[in-house]
Amino acid sequence: MAAVSADVERRFENVRRALADNDLDALVVAGSEYTGFEGAVTYLSGFVIVHRYAYVLLPLEGDPAIVFPAEARYVGEHGTTWIEEQAFVETPGAWLRERARERGWKRLGVYGLDYVMTVRDHRQLADGGPELVPFDVEFDLARAIKSEEELASVRDSVRINTEGFWIFLDGFAPGKSEAQVLAPCERYFVEQGCGRLTMDMVLVGEDGSAEPEFRIASRERRIRETDLVLPSLEIARPGGHWVE
């Protein structure tokens, strides 16, 4: 494996400690841009999924790998990952099953087994492969242990998000559309390097009341003086730490 930072090594060590505590041979982290669970892949690999899905394989011993479906050669900027082995395969589940057989793995932890992994990959991986063990809670507890480097990334996300609110407030005025008051926030977030890791919504209601959910800002609806308007600004800086 190519040289990685001390913080990445620390992440691997924390997760491997959890694997050993649960008598597991390796971990598969499933991530999908379609379901909103792509952050776990970024955490272990540095790779940001733009569309479709990917899997990170972290053995208890040995180098990690990142696996992509072959029907889409581009699912993000592949050069951003610090993992050297990148596999583009027809069915990632079959590839993971064969890797487990080659290495003699008996028990495989899976993050995203119930909510993220595709049906076809689960079928292939479970067909004569190792025992699959849900590993969501254990993985989340392992990555909850933050280094000073990660905390700096979190604080920078907070800084960017806070500034986005002041931009919203500074540009807010009755008569503007919902989209007009949120657009400058989004422009600033992208300029700060957040890329696609933003989600700006708004809660709006007439005469100080509101419906119970946030939604995408409308370009047509104009804000009135008696409206309730509450922005929801959610972003992650380049380090991938999400704040709202």
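Let's start with Arg-120, which is partly exposed at 34% relative accessibility. This is a predicted model, and in it the side chain of Arg-120 meets that of Glu-71 in a salt bridge, 3.3 Å from N to O. The two sit in distant parts of the chain, 49 residues apart: Arg-120 belongs to helix H4 (residues 119-126), while Glu-71 lies in the loop between strand E3 (65-69) and strand E4 (85-89). Glu-71 is partly exposed as well, at 40% relative accessibility.

| Pair | N to O | Residues apart |
|---|---|---|
| Arg-120 and Glu-71 | 3.3 Å | 49 residues |
| Arg-99 and Glu-85 | 2.7 Å | 14 residues |
| Arg-215 and Glu-178 | 2.9 Å | 37 residues |

Take Arg-99 next: helix H3 (residues 92-103) holds Arg-99, and its partner Glu-85 is in strand E4. Arg-99 has a relative accessible area of 10%, so it counts as buried, whereas Glu-85 is partly exposed at 30%.

Then there's Glu-178 in helix H7 (residues 178-191), paired with Arg-215 from the loop between strand E7 (198-205) and strand E8 (228-236). Glu-178 is buried, at 1% relative accessibility, and Arg-215 is partly exposed at 29%. Both belong to one network of salt bridges with shared partners, along with Glu-206, Arg-221, Arg-224 and Asp-227.

Phe-165, Trp-166 and Leu-169 make a nonpolar surface patch of about 300 Å². Leu-169 is part of helix H6 (residues 148-171). With a relative accessible area of 43%, Leu-169 is partly exposed; patch residues need over 30%, so Leu-169 clears that cut-off.

Methods:
Residues are numbered from 1 along each chain as its sequence is written. This is a predicted model: local features need pLDDT of at least 70, side-chain atom pairs count only at pLDDT 80 or more; totals for chains, interfaces and linings use all residues. Side-chain values use heavy atoms; hydrogens and water are left out. Patches are made of residues with over 30% relative accessible area and no salt bridge: like charges are joined within 9 Å, nonpolar side chains (Val, Leu, Ile, Met, Phe, Trp, Tyr) within 5 Å. Accessible areas come from the Shrake-Rupley method with a 1.4 Å probe; for residues, only the protein chains shown count as cover. A salt bridge is a side-chain nitrogen of Lys or Arg within 4 Å of a carboxyl oxygen of Asp or Glu. Helices (H or I, at least four residues) and strands (E, at least two) are DSSP runs, numbered from the N terminus. Buried means under 20% relative accessible area, exposed over 50%, partly exposed in between (1.4 Å probe, protein chains only).
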